[in-house]
Structure formats: structure tokens, C-alpha cells
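Please look over the sequence and the structure shown here.

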Amino acid sequence: MILRPNQRLKLDDTNDKLFYAYPRFVTHVDEAFIKQLTDVYRQRLKPNTRILDMMSSWVSHLPEEMQFNHIEGHGLNAEELARNPRLNHYFVQDINENPQLPLKDRDFDAVLNCVSVQYVQYPEAVFTEIHRILKPGGVAIISFSNRMFFQKAIQAWRDASEESRVELVKSYFASVPGFSAPEVIVSKPTIPAVLQWLGAPGGDPFYAVIASRIKE
């Protein structure tokens, strides 16, 4: 196991379904982050494929010009998922309570997780599921910044530096046999810190850790 029991703990240990019971129709990162993420999707995803948007919400940040055969959504708030125009279907499930996804083996070409990996308490089980549902050669793209609901992030994430969080996600992939060596994309803000604190755009750092299911 990668994480010790105390590293999985959250400051708010009430049921996650209660925390996400009400929809939040906001974006949790700035426009520069979203643009960078959309560009990564544009480069790494293929049209007319099957996508799982894991821990999703009312927007998926996929390139508007790209069409896919099927986009499956997963999250904790049905209202947010129902508002997402890119989803063909969605399901609500707390993967900290039950990481087993109700999805077929080798059925998806890509799995996406945007700014939510910090809340996963059992990454070993979740990343095993990601590997299971990916087709050989399928890609997993885990993106995150330095923002979070602090009370719901696991201790290992709260205590880590931004660089250490990258290594943490890489270790999640490495814990599952059959993933390629993770690739990391980093884009740090260039605006002065004082402007970041004042909410100027372009202040959110961008991190993506990307790996593929090895072809057999």
C-alpha cells in the first residue's frame, strides 16, 4: 500500500455525499488552467473514442470541436452531471466508499480526472479500476492545481508540496502493474504573487500526470 492509514484521513470525515449534496455551478480553477487542460485533451485524446470523465461535474473542458462516440460521467452530484452537455450518460457513486466502478473491462479509450485526485482516499484501488476499464493503449490524464476543498483533501495531499503531489500521483500509477511510466506536464504562473492573491487570471499552476495502459 502506498499510503499509511493516517495519510488517508480528511479533516472533515463526514460522508462525502453530504458535502456534495448541493450543486456548485462554478469552475474551481482559472481560465488559463482550463485552456491548458483543453489543449492537453486536444493533443492526447482521439475523436470518436470512448471517454470516462471521473469525478466530473457540470463541465468537462473537452475541446468543443472534438466529437466522441461516448462520454461517460461520474461524480457525486446528479444535478451537476445532468447539466454537463458533453455527457452521454452518467452515474453517481462515492468511490471512497466503493471504488469498484460499474463499467466493463477494457471499454474506454481514455479516463480523465480533473482537480479531484486530492480527495481519493484509496488510490491503489481507484487506479486499479482505471487500468481495468482502459483498453490496451488507452490513456489516463490526471490534472490538478494547488486549489482544493482543504477539509476534504487527504492528509498526504494537504501535507505535501506541489512537487511532492506530482510524485504522489506518479506513485499511484506505479502501484498498478501495467501502466506506462507516467509523463508530467507542468505550467507555473508567471504573474507576480501579489497579483495572484488579488485574483488576477493566470495564477493557477497546472499539473497533469499522464500514463497509458501498456499494450499486451
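Helix α4 (residues 123-133) lies across β1 (50-54), β4 and β5, and runs at about 140° to β5. Helices (H or I, at least four residues) and strands (E, at least two) are DSSP runs, numbered from the N terminus, while axes are lines fitted to C-alpha atoms, for helices over the stretch in contact (heavy atoms within 4.5 Å), with angles from 0 to 180 degrees between N-to-C directions. The model is predicted, so that local features need pLDDT of at least 70 and side-chain atom pairs count only at pLDDT 80 or more, whereas totals for chains, interfaces and linings use all residues. Residues are numbered from 1 along each chain as its sequence is written, and side-chain values use heavy atoms, leaving out hydrogens and water.

**Another helix on the strands**
- Helix α2 (residues 31-44) lies across β4 (108-114), β5, β6 and β7, and its direction is at about 170° to β5.

**The sheet**
- Seven strands form an open sheet with mixed pairing, in the order β3-β2-β1-β4-β5-β7-β6, where two strands pair if DSSP finds at least two bridges between them.
- The edge strands, β3 and β6 (183-187), each pair on one side only.
- From one strand to the next, the twist averages 15°.

**Strand pairs**
- Strands β5 (residues 134-144) and β7 (residues 206-212) run antiparallel and are joined by six bridges, and Phe-144 has Tyr-207 in β7 as its bridge partner.
- Strands β2 (residues 70-75) and β3 (residues 89-92) run parallel and are joined by four bridges, with Glu-72 opposite His-89 in β3.
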